[in-house]
Each structure stands twice: as structure tokens, then as C-alpha cells.
Amino acid sequence: MSVTENGVTESGVREGGAAEAAGGGGADTVTVRVPAKVNIQLGVGGARPDGYHDLANVFLAVSLYDRVTARPADTLTITCEGPGAAQVPLDGTNLAARAAKLLAERHGIAPDVHLHIAKEIPVAGGMAGGSADGAAALLACDTLWGLGSSRAELLELCARLGSDVPFSLVGGAALGVGRGERLTPLEVGGEFHWVFAVADGGLSTPAVYGEFDRLNEGVRVPAPKASEPLLAALRTGDAPALGAALSNDLQPAALSLRPSLATTLTTGRAAGALAALVSGSGPTTAFLASDAVSAVAIARALLASGTCVATHTATSPAAGATVL
Ligand SMILES: C[C@](O)(CO)[C@H](O)COP(=O)(O)OP(=O)(O)OC[C@H]1O[C@@H](n2ccc(N)nc2=O)[C@H](O)[C@@H]1O
Ligand SMILES: Nc1ncnc2c1ncn2[C@@H]1O[C@H](COP(=O)(O)OP(=O)(O)OP(=O)(O)O)[C@@H](O)[C@H]1O
């Protein structure tokens, strides 16, 4: 695994101390594991006056995880390792840092903590990697500082950090409405197998929503609504039916900004995927497989095609943020 270690304080001063980057386990450290998500339906309405879009967002957590370790420190510092770590900001804009500050502020304490992020979730990939780290940091700091916040209190803070953050805390499957932050848990009747193809470089979520608005200029975008056939397929664990019902209203916008993703989608379908779609705002593409063996074959074909830089196989549902 490639490792990038950069200890930087909130004011941007680089620290030494790669030793800070150790995993959890000791009495003074708390490690939280947190999953990535794929949107199995992303229904997007027209732009709201506040710049957000109303969604019918069916989230599914997948077994691809970041780990966030919190340990006491003199000031708030962040380190990050793993693929894409060089693209992760280590200052106060990191969602994990923002989470620690928000929680500390709520309790009138100083956010003096070192947060180490072990990253597996693609950065700026449409799989809610930053959101996952925000949710994980909230739970890790709450545990480290012995605050005992309720689930409702944590969810309220998650929603302030970002639209995807509440789902990273709860995991499983859920329908998100409003800007995606108001969740109703969904029943999942079986295990689903996925392949994720990581693209070269990321896509900015606001840019993809902006492209959605541009493509829909002059069009009356209907209010989004969760698909009944999709929810039924999820409930019964029926992979072919789920494949037939997958949809992402942001996909045309992501493909418009990154046309090469169309070839990745075609390659995965040709390799036996039940269905293929862009994950959230992209550019990661998601492929539903009929079983674990097929998933490995699809991942191999995608990598061999050169249309992506890495692949991950994963299953769903996966548990939300969990203290290890
Ligand atoms: C594409 C998704 O990942 C699907 O789950 C999410 O909708 C994005 O969620 P997120 O990254 O947590 O987004 P936020 O941090 O809340 O918002 C970032 C930006 O995305 C756009 N945004 C986000 C959510 C939403 N319902 N409508 C939007 O238009 C807005 O431009 C916003 O300023
Ligand atoms: N902990 C973090 N991990 C990754 N990126 C972060 C983090 N904190 C802040 N960022 C910033 O957020 C941007 C988006 O990264 P992120 O990995 O969350 O994208 P994403 O997975 O596409 O998000 P989403 O699916 O929620 O729209 C990055 O380009 C980076 O500048």
C-alpha cells in the first residue's frame, strides 16, 4: 500500500511525527470503521432556492471501508494514508477535522485530537469518502472524549457536515429525502455483490450537480420519487431485479463531464455485470454482479481493459460507522 504521511496543524504548519499514524487498539485510542456507499437510485429534482436539489436517494452501504483513529493530542491534527491520500486536505477543511470541531464546540471543549485516516474509499469518487470520514471522526471523538451523545444528536451534527454524512453513520440501506440527509432505513433481503472501477482523477460534486442543471435548463424536472420495483428487489434480495431497477439521474451529467466513463460501463456489462451505473456524482462506476465469482471476473476484465485505474469488489449491505 502506498503511504503518504503529512502531519499538518489547522493553521497549515507541517508537523513531524509519522509515528502518530498508528492504528487503534490502545486505551487512549479509538478506531472507527466506516463504509462507502453506492446510490442504487439517485432521483434528482430541480435546483432549490438554496442551491441544493431535492432527492429520492436510495443509499446502500458497501464493504469498502475507511478507518479513522482518534487519539489525544495538544491540538487538532490530521494524517492520512492509502490510495489517493495525497489528494486529501489535511487542514481544517477536512471533513474529519470539521466533525471534531463541531462536536467539541457543541460541548464547549477544545478539539484537541489527532485523527489518522486510513483511506480505501476513492477520493472525490462519488462514494462518500469524505462524508464517511466525517461520520467516523464524530463517533471516534465522542467515544474518546466520553461524551455519550445519543444517535439523534450525532445524526443532527452529521446533517450539518454534509448531505451524505448521516447515511455514513447509519449504514445498511436507507432512503434519503430532502437534500438526502433525512433518512428512513430500508430492509435488505440478501447479499449483493459489487465491483467498483476507480477512475483516474475525481469529479467535484457541485460541478456534477451544476452540469445536471445545465443539461436540464428549460426543462420542468419532476419531483423525485423512490422506485417501488427497486425497493421490492432490495427487500427480497433479488439481484437481477435490482439490476433492472438501478438508476442515477446524475449519470448523464457525470458522463457529459467525463465521456470516457461510457466505455468503462460498456466493458463491465460485456464482462457479465447484471447492470452498470455511475456511483453518485462519479467518476467511480459500479457494477452489480450475480455472485462473488462473477464479480472477480468483471473486476479482472475492467482492469485489463485499461478503462480504470483500480477495481474493488465488495458486498452489501454493510454496517455503518462502528467502533472497533
Ligand atoms: C451525489 C451524492 O453523493 C449522492 O448521495 C450527494 O447528493 C452529495 O452529497 P454531499 O457530497 O454530502 O454534498 P454536500 O456536501 O451536502 O453538498 C455539496 C454540494 O453538492 C450540491 N448538492 C448536494 C446535495 C443535494 N441534495 N443537492 C445538491 O445540489 C450542492 O451544490 C452542494 O453545495
Ligand atoms: N476526509 C476526506 N477524505 C476525502 N476528501 C475530503 C476529506 N475531507 C475533505 N475532502 C475534500 O472533499 C472533496 C470530495 O471528496 P470525497 O471523497 O468526499 O468525494 P465524494 O466521495 O465524491 O463525495 P460524495 O459521494 O459524498 O459526493 C475532496 O476533493 C477533498 O478536497
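View 1. An oxygen atom of ligand 1 lies 2.6 Å from a side-chain N or O atom of tyrosine 209. In this predicted model, local features need pLDDT of at least 70, side-chain atom pairs count only at pLDDT 80 or more, and totals for chains, interfaces and linings use all residues, while side-chain values use heavy atoms, with hydrogens and water left out. Residues are numbered from 1 along each chain as its sequence is written, and chains are lettered from A and ligands numbered from 1 in the order in which they are written. Serine 163 places a side-chain N or O atom 2.5 Å from an oxygen atom of ligand 1. For lysine 37, a polar side-chain atom is 3.1 Å from a ligand 1 oxygen atom. A polar contact is a pair of N or O atoms within 3.5 Å; within protein, one must be able to donate a hydrogen and the other to accept it, and residues adjacent in sequence count only if both atoms are side-chain atoms. There are 19 residues around ligand 1. Asn39, His53, Ser163, Asp164 and Tyr209 come nearest. A residue is near a molecule or strand if one of its heavy atoms lies within 4 Å of it.

**View 2. Ligand 2 and its surroundings.** Ligand 2 has 22 residues around it. Ala124, Gly126, Gly130, Asp164 and Thr205 come nearest. Threonine 205 has a polar side-chain atom 2.7 Å from an oxygen atom of ligand 2. Backbone atoms take part too. For methionine 127, a polar backbone atom is 3.3 Å from an oxygen atom of ligand 2.

**View 3. Aspartate 133 in helix 2.** Helix 2 spans residues 129-144 and holds aspartate 133. Helices (H or I, at least four residues) and strands (E, at least two) are DSSP runs, numbered from the N terminus. The relative accessible area of aspartate 133 is 2%, so the residue is buried. Buried means under 20% relative accessible area, exposed over 50%, partly exposed in between (1.4 Å probe, protein chains only). The side chains of aspartate 133 and lysine 119 form a polar contact of 3.1 Å. Beyond four places in sequence, aspartate 133 is in contact with Val34, Asp66, Val68, Ala96, Ile117 and Lys119. Contact means heavy atoms within 4.5 Å.

**View 4. Strand 12 and its two partners.** Strand 12 covers residues 285-289, and five of its five residues are buried. One side carries Thr285, Phe287 and Ala289, the other Ala286 and Leu288. Strand 9 (residues 192-198) runs antiparallel to strand 12, joined by five bridges. Two strands pair if DSSP finds at least two bridges between them. Phenylalanine 196 stands opposite alanine 286. Strand 11 (residues 275-278) is also antiparallel to strand 12, with four bridges. Here alanine 275 stands opposite leucine 288. Strands 11 and 12 form a hairpin with six residues between them. Glycine 280 in the turn has a positive phi of about 55°.

**View 5. Confidence and the annotated span.** Average pLDDT is 92, and 92% of the residues score at least 70. pLDDT is the predictor's confidence in each residue, from 0 to 100. Over residues 1-26, pLDDT stays under 50. The model scores ipTM 0.98 and pTM 0.93. An unreviewed UniProt entry annotates residues 94-172 as "domain: GHMP kinase N-terminal". Such annotations may be inferred rather than shown by experiment; positions follow the numbering used here, and feature names are shortened. The end C-alpha atoms of residues 94-172 lie 25 Å apart, and the span is 58% helix and 8% strand.
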